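Subject: Structure for you to look at

Hello,

Here is the structure I promised to pass on. Please open it beside this email and follow along.

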Amino acid sequence: MRSLKLFFLLSMLVASAAIALPTTPSEEESFMDDNDDAAEENSDIPWQENQETTSSLRETMRFLAQKTRAEKMTCDKYPRVCRAKGSPGPDCCKKKCVNVMTDKLNCGKCGKKCKYPEICCKGVCVNPMSNKKHCGGCNNKCKKGSACVYGMCSYA
């Protein structure tokens with residue numbers, strides 16, 4: 001119990017020290033002569049000339065609040081978004097790109113959900129534990145005369 005109190009005290013000390021440290025560099029640290037090449041070579045921190053720095057948290061939050069063009073484009077207004085490279089699927093359901101041939105929540109058409117043990121194969125909800133054409137997974141057919149039991153062909 002005593003070590004727990006000591007740990008808590010140390011963590012509070014470190015936290016208060018981190019808050020007390022200045023977050024902006026002093027005038028001496030931030031001033032750098034552009035013509036002085038020796039000062040740039042001795043610098044421990046690499047500095048990019050076109051690097052932008054934010055002066056306050058408010059500017060950072062404003063930047064994070066801005067929406068990108070991709071976020072503004074939803075498939076209900078722009079259906080071609082779903083056919084773009086890297087899209088989860090070519091179909092649009094509830095403003096989201098999906099593939100209705102494989103999606104459990106939109107199997108065959110938007111809003112058609114598969115039950116718990118079922119998966120979506122070719123737009124149809126099937127139980128892979130007992131379906132001979134989709135035994136254990138989509139398109140895994142059992143040989144003629146064998147049965148699908150517990151997701152395996154000819155288990156017994």
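A disulfide is a pair of cysteine sulfur atoms within 2.5 Å. Keep that cut-off in mind for what follows. Note too that this is a predicted model.

**The disulfides**

How many disulfides does this rule give? The count comes to eight. I will take you through some of them.

Start with cysteine 82 and cysteine 97. Their sulfur atoms are 2.1 Å apart, so they form a disulfide under the 2.5 Å cut-off. Is this disulfide left-handed or right-handed? The torsion about its S-S bond is about -85°, so the disulfide of cysteine 82 and cysteine 97 is left-handed. This pair links distant parts of the chain, 15 residues apart. Cysteine 82 sits in the loop between α5 (69-72) and β1 (91-93). Cysteine 97 belongs to strand β2 (residues 96-98). Both cysteine 82 and cysteine 97 are buried.

Next come cysteine 93 and cysteine 110. A disulfide joins them, with an S to S distance of 1.9 Å. This link is left-handed as well, with -75° about the S-S bond. Cysteine 93 lies in strand β1, and cysteine 110 lies in the loop between β2 and β3 (119-121). The pair therefore ties together parts that are 17 residues apart in sequence. Look at the two ends of this link. Cysteine 93 has 4% relative accessibility, so it counts as buried. Cysteine 110 has 44%, so it counts as partly exposed.

Now find cysteine 107 and cysteine 120. They are joined by a disulfide, S to S 2.2 Å. Here the torsion about the S-S bond is about 85°, so the disulfide is right-handed. Cysteine 107 is in the loop between β2 and β3, while cysteine 120 is in strand β3. So this pair ties together parts 13 residues apart in sequence. Why does cysteine 107 count as buried? Buried means under 20% relative accessible area. Cysteine 107 has a relative accessible area of 0%, so it is buried. Cysteine 120 is at 3%, so it counts as buried too.

Turn to helix α1 (residues 2-20), where you will find leucine 9. Is leucine 9 buried or exposed? Exposed means over 50% relative accessible area. Leucine 9 has 52%, so it is exposed.

**Two loop residues**

Threonine 74 is in the loop between α5 and β1. Its relative accessibility is 21%, so threonine 74 counts as partly exposed. What does its side chain contact? The side chain of threonine 74 makes a polar contact with the side chain of aspartate 76, at 2.4 Å. Threonine 74 and lysine 94 are 20 residues apart along the chain, and their C-alpha atoms are separated by 9.6 Å.

Serine 146 is in the loop between β4 (124-126) and β5 (148-149). At 10% relative accessibility, serine 146 counts as buried. Its side chain reaches the backbone oxygen of lysine 143 at 2.7 Å. Which residues does serine 146 touch, not counting those up to four places away in sequence? They are Lys132, Cys153 and Ser154.

Best wishes

Methods: Residues are numbered from 1 along each chain as its sequence is written. This is a predicted model: local features need pLDDT of at least 70, side-chain atom pairs count only at pLDDT 80 or more; totals for chains, interfaces and linings use all residues. Side-chain values use heavy atoms; hydrogens and water are left out. Helices (H or I, at least four residues) and strands (E, at least two) are DSSP runs, numbered from the N terminus. Buried means under 20% relative accessible area, exposed over 50%, partly exposed in between (1.4 Å probe, protein chains only). A polar contact is a pair of N or O atoms within 3.5 Å; within protein, one must be able to donate a hydrogen and the other to accept it, and residues adjacent in sequence count only if both atoms are side-chain atoms. Contact means heavy atoms within 4.5 Å.
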